Structure formats: C-alpha cells, structure tokens
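Open the model in your viewer and keep the sequence panel beside it. The stops below each give something to select and say what is there.

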Amino acid sequence: MHSRKHIMVGMSGGVDSSVTALLLKEQGHHIEGVFMKNWEEDDTDTYCPASIDMADAQAVCDQLDIELHRVNFAAEYWERVFTHFLAEYNAGRTPNPDILCNKEIKFKAFLNYAKQRGADYIATGHYARCQLKDNHFQLLKGLDPNKDQSYFLYALDQNQLRYSLFPIGELDKQTVRAIANRAGFINHAKKDSTGICFIGERKFKAFLNTYLPAKPGPITTLDGQMIGQHDGLMFYTLGQRQGLNIGGLKHAAQAPWYVVAKNLVQNTLIVTQGPEHPSLYAKTLRANQIHWISGQVPALPLTAYAKTRYRQVEQACIIKQIDLDQYQIDFTTAQRAMTPGQSIVFYQQEVCLGGGIITDIES
C-alpha cells in the first residue's frame with residue numbers, strides 16, 4: 001500500500017484506535033474517523049460512557065485535523081448481535097458477543113458504510129496482522145502476546161480482510177501508549193475498556209434479568225445431593241467459583257465449590273469441590289459453525305493448536321469433521337472448564353486458521 005489511500009478508521013475514543021489514525025496519517029493517507037454507537041437501551045454515563053468516548057475521539061481527530069463521522073449502528077447491533085446473545089443465554093450457553101460484533105458490525109456494517117463513501121480501506125485498533133500469501137489473506141497474531149486479539153477476529157472472511165488494516169498489530173501496548181503520549185493525545189493513559197460496552201460496570205445479573213426471566217432452581221453435587229439454590233442457569237458458567245453461595249455444609253470439606261455442568265431439562269446447576277476436580281477437565285469437544293478464514297476447508301484430520309478462551313495458551317489438538325457442520329476436536333492434554341457457546345479458535349504457528357462454536361464437551 002504505497003500510494004495515498006482513503007482510509008476510514010474506527011475511532012472508539014481509546015488509545016489504540018487513536019494511534020492507528022495517527023500512524024496512517026503520518027504515512028500520508030487521507031484519513032477520516034468513524035465513531036460507532038452500537039447501543040441505546042438504558043445507555044447512560046453510569047454504565048457506558050459513550051459521550052465521554054466520543055468526546056475523546058473528537059479531541060484526537062481535532063488534533064489530527066481529520067473529520068469524525070458519528071454513525072449509529074444500534075439497530076444492526078440489536079438485530080445481528082444482541083438477539084443472538086439473549087438466545088444463547090436462554091439456551092444455557094455462554095456466548096461471546098464481541099466476536100459476532102466484529103463480524104457483523106465493525107467489519108460488515110462499518111465496512112459497507114466506508115465503501116459507500118469511497119474509502120479504499122477501513123482500519124481498527126486491533127492487535128492483529130494481515131498478510132497476502134498464495135492469493136489468500138491470512139490473519140496473523142498481533143506481535144504483542146499479551147494483547148493479541150486474533151481470537152476475536154477468527155470469523156472474518158477474505159473480503160473483510162482484503163479491505164481491513166491493523167496498523168498497531170506490529171507494536172506492543174507500551175509502545176502504543178508512548179506514541180500517544182508523545183503526540184499529546186488526551187487519552188494516552190486511558191484505561192483499556194473491558195467486557196461488552198453496553199453492560200459496562202453494571203451488575204450483570206440485573207442487566208440480563210431485564211431481558212430474560214430468571215428461573216431459580218436447585219444446586220446439586222455430582223451424586224445428586226441438593227446443597228443450595230441457584231438464581232437462574234444463565235447467570236453461571238462452567239468453572240465458575242464466585243457467587244454460588246454454598247458454604248457451611250455438614251460433613252463436607254471446606255474446599256471451594258465450582259460449576260461443572262448445567263442440566264437444562266431439570267433446571268439444575270451441578271457443582272463439585274476443588275479447582276482441579278477431574279469433572280472440570282475434558283480432552284474432547286464438539287463444535288459447529290466452523291469458519292475457515294482462507295475460505296477453503298483444509299485437509300482433515302488436521303493437527304493444529306487451539307484456544308477455547310481468549311487468555312489461554314494454545315493447546316495441541318487434532319481437528320476432525322464428523323458431520324456436515326459438526327467437528328470433533330481432540331486435545332493432547334485435558335482442558336479445564338471448556339464451555340458450550342464459547343468459541344474455539346485454531347492456529348498453526350502465528351496464523352489464525354479460523355474457529356467455531358463449542359456445542360458439547362465429552363469427558
């Protein structure tokens with residue numbers, strides 16, 4: 001990309017997207033910023049300070065002398081992301097809406113918006129990289145292992161990668177902040193956002209209860225002994241320790257309790273004691289909605305590495321296809337608290353191959 005290009009940058013108000021815009025402008029490109037508003041329901045400064053983020057984005061754009069567009073994708077977010085989020089929780093699974101948001105909003109709705117306005121590319125502040133190899137675009141890990149965000153981008157396709165740039169994927173977070181500081185950006189020390197913006201700092205149970213009716217039920221041990229009451233299966237995830245409110249049971253050890261399973265039919269939460277209990281571990285899972293970034297299914301079975309959650313170190317596995325949209329993944333070593341509804345993402349060295357949604361765990 002040597003000639004001057006028209007690039008629209010997704011500006012969140014954070015330091016990463018701000019430095020993204022700065023680097024591209026310094027390269028001589030025509031840059032415009034886009035602030036995406038994806039949530040309007042009960043959106044207040046208490047929970048999701050969109051007004052603060054937008055003000056920060058505007059301050060950076062003013063400093064860089066670039067235009068900032070404000071675009072409302074709340075309707076698209078509700079239809080394409082949030083309804084799925086609710087359906088998954090209602091089915092007892094634990095979804096990852098950030099992945100769907102990237103696929104449907106940041107790299108679809110935003111990309112379409114940018115192309116309609118004549119942009120050559122969009123750019124975001126994700127810690128990831130992209131390269132063209134053998135006529136295919138490859139998604140690569142960000143060079144900073146502590147910030148690599150390729151896990152959240154595995155659902156992107158060739159067309160989305162063709163028009164997407166990740167300028168800070170070659171940098172570490174410390175360098176990004178140093179660049180922002182030298183530039184005098186107001187947000188150079190701004191805390192990284194965590195979680196889903198529309199949930200923000202609010203209590204998750206109260207938020208989810210607004211949209212889904214809670215169905216309390218029994219908490220039982222693996223052998224069926226009832227030891228407590230849960231507030232609704234949707235509020236718990238496998239491997240969870242906090243918030244179970246179990247303690248002081250007669251004839252029970254004082255070790256902490258962990259969620260090991262959910263029985264949706266009987267509305268029962270199943271728990272056991274100890275962080276290393278065998279029931280928390282499994283070597284095999286099944287997944288569907290498998291997406292291969294190359295657009296082509298590789299030769300299977302495939303030896304690769306996989307993550308079943310964002311912060312995990314990749315684990316050796318073998319990927320097999322067992323039905324039209326059903327895959328089995330066998331790990332070399334047992335994995336802890338793999339969770340239906342979460343994503344499994346595949347890698348070979350620095351290349352992200354794709355991934356899918358975990359459906360079942362086989363102990």
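Helices (H or I, at least four residues) and strands (E, at least two) are DSSP runs, numbered from the N terminus. This is a predicted model, in which local features need pLDDT of at least 70 and side-chain atom pairs count only at pLDDT 80 or more, while totals for chains, interfaces and linings use all residues. Residues are numbered from 1 along each chain as its sequence is written, and side-chain values use heavy atoms, with hydrogens and water left out.

**Stop 1: Gln273**

Select Gln273, which is found in strand β11 (residues 268–273). Leaving aside residues up to four places away in sequence, Gln273 touches Ala253, Gln254, Ala255, Pro256 and Trp257; contact means heavy atoms within 4.5 Å. A polar atom of the Gln273 side chain lies 2.8 Å from the backbone oxygen of Ala255.

**Stop 2**

Show the open sheet of four strands in the order β9-β8-β11-β10, where the pairing is mixed. Two strands pair if DSSP finds at least two bridges between them. At the edges are β9 (226–230) and β10 (257–263), each pairing on one side only. Neighbouring strands of this sheet are turned by 35° against each other on average, direction ignored; the axes are lines fitted to C-alpha atoms, for helices over the stretch in contact, and angles run from 0 to 180 degrees between N-to-C directions. Strand β8 (residues 217–221) runs antiparallel to β9, joined by four bridges. To see one of them, select Ile219, whose bridge partner in β9 is Gly228.

**Stop 3: the five-stranded sheet**

Next, show β3-β2-β1-β4-β7, an open sheet of five strands in that order with parallel pairing. Because β3 (68–72) and β7 (164–165) stand at the edges with a single partner strand each, one side of each is left without a neighbour in the sheet. Strand β4 (residues 121–123) pairs with β7 in the parallel sense over two bridges, and Ile122 stands opposite Ser164 in β7.

**Stop 4: two backbone details**

Most residues other than glycine have a negative phi, and most peptide bonds are trans. Select Asp65, in the loop between α2 (50–64) and β3; its phi is positive, near 60°. Then go to Pro301, in the loop between β12 and β13 (302–307). The peptide bond from Leu300 to Pro301 is cis, with omega near 0°.

**Stop 5: lining residues**

Which residues lie nearest the centre of the second largest pocket? Select Leu238, Val260, Ala261, Pro340 and Ile361, which are among the 27 residues that line it. Here a pocket is an open set of points on a 1 Å grid over the protein atoms alone, where a 1.4 Å probe fits, with protein on both sides within 12 Å along at least five of seven lines; lining residues have an atom within 4 Å of a point. Elements giving two or more residues to this lining are β10, β12 (281–292) and β17 (351–362).

Key
Polar contact = N/O pair within 3.5 Å; in protein donor to acceptor, adjacent residues only side chain to side chain.
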